[in-house]
Every structure is written in C-alpha cells, then in structure tokens.
Amino acid sequence: MKTVEVMQQALDHFGEINQTDKAIEELGELIVALSRYRQAEGAEKTQRAIEVITELADAKIMIKQMILLFGAWEVEQQIKFKIDRLIDRMGHG
C-alpha cells in the first residue's frame, strides 16, 4: 500500500479533528526534542539526536496527513514560494 493511501486511510479512520490534534501533539514533541538537543553536551547529545529523529518521523507522518487534509497542490505552491524567497534572502536570486 502506498504511503499516501495509508495517510488518507488514517485521516478517514480517526477523523480530521483527532488527526489535527495528533499533529499538534507530535509537532510539540518535536519542539521539545529539538530544544533538549540544543542544550545537550557530550554523550547526551547522541541520545537527544535519536529522540529528534524519532520525533521527526512522527511529525512527518502527521504533516503528510495535514497536507492531504489541506490540499497537496496548495501546500506545494507555498513551498515553491517560500523556497524562492529563501533563495532571495541568501542573495542567490
């Protein structure tokens, strides 16, 4: 089964409200993991990096569902716009 099909099935099964709440939760956990990673030193940095990777995976799954919910084409248009703006800000435009 394709990833996009699984993401759509999850949205259909759990519902828009539940999956939106889950996206908020997972993105919050990613914020916490990134913050802890920034503050870590030495051997702890490796463990914190693993936590970030885990939370990135969870967040990406939920972001894929939110892209389906809000419209893949619309999101892609915003990504293109923002990448062009980033290029301009870096002086490469």
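Gln19 counts as buried because its relative accessibility is 7%, where buried means under 20% relative accessible area, exposed means over 50% and partly exposed lies in between, computed with a 1.4 Å probe on protein chains only. This residue is found in helix α2, and helices here are DSSP runs of H or I with at least four residues, while strands are runs of E with at least two, numbered from the N terminus. The structure is a predicted model, in which local features need pLDDT of at least 70 and side-chain atom pairs count only at pLDDT 80 or more, whereas totals for chains, interfaces and linings use all residues. Residues are numbered from 1 along each chain as its sequence is written, and side-chain values use heavy atoms, with hydrogens and water left out.

When residues up to four places away in sequence are not counted, Gln19 touches Ala10, Leu11, Phe14, Met62, Gln65 and Met66, contact being defined as heavy atoms within 4.5 Å. Glu26, which also has its place in helix α2, is buried with a relative accessible area of 7%. Leaving aside its neighbours within four places in sequence, Glu26 is in contact with Glu55, Asp58, Ala59 and Met62. The buried residues of α2 are Gln19, Ala23, Glu26, Leu30 and Ala33, and these buried residues pack against α1 and α3.

Tyr37 is found in helix α2 and is partly exposed, with a relative accessible area of 32%. Apart from neighbours within four places in sequence, Tyr37 is in contact with Lys45, Arg48, Ala49 and Val52. Its C-alpha atom lies 29 Å from that of Asn18, a residue 19 places away in sequence. Ala49, one of the residues that Tyr37 contacts, is found in helix α3 and is partly exposed at a relative accessible area of 24%. Between Ala49 and Thr20 there are 29 residues of sequence separation and 26 Å of space, C-alpha to C-alpha. Lys60, also found in helix α3, is exposed, with a relative accessible area of 53%. The C-alpha atoms of Lys60 and Gly15 are separated by 18 Å, and the two residues are 45 residues apart along the chain.

**How the helices pack**

| Helix pair | Angle | Axis separation |
|---|---|---|
| α2 (residues 16-39) and α3 (residues 43-70) | roughly 155° | within 8 Å |
| α1 (residues 3-14) and α2 | about 115° | 6 Å |
| α1 and α3 | about 75° | 9 Å |

Angles under 35 degrees count as roughly parallel, over 145 as roughly antiparallel, 65 to 115 as roughly perpendicular and the rest as oblique. The axes of α2 and α3 cross at roughly 155°, and these two helices are therefore roughly antiparallel to each other. By class, the contact of α2 with α3 has 14 nonpolar, three polar and 11 charged residues, where Ala, Val, Leu, Ile, Met, Phe, Trp, Tyr, Cys and Pro count as nonpolar, Asp, Glu, Lys and Arg as charged, and the others, Gly among them, as polar.

Helices α1 and α2 pack at an angle of about 115°, and in this pair Ala10, Leu11 and Phe14 of α1 meet Glu16, Asn18 and Gln19 of α2. By class, the contact of α1 with α2 has three nonpolar, two polar and one charged residues.

For α1 and α3 the angle is about 75°, which makes α1 roughly perpendicular to α3. On the α1 side the contact is made by Thr3, Val4, Met7, Gln8, Ala10 and Leu11, and on the α3 side by Ile61, Lys64, Gln65, Met66, Leu68 and Leu69. The residues of this contact of α1 with α3 divide into eight nonpolar, three polar and one charged.

**Helix lengths**

The expected span of a helix is 1.5 Å times one less than its number of residues. Helix α2 has 24 residues and reaches 35 Å from its first C-alpha to its last, close to the 34 Å expected. For helix α4 (residues 72-89), the 18 residues should span 26 Å, and the end C-alpha atoms are 25 Å apart, which agrees. Just after α4, Gly91 takes a positive phi of about 80°.

Note on methods
Axes fitted to C-alpha atoms, helices over the stretch in contact; angles between N-to-C directions.
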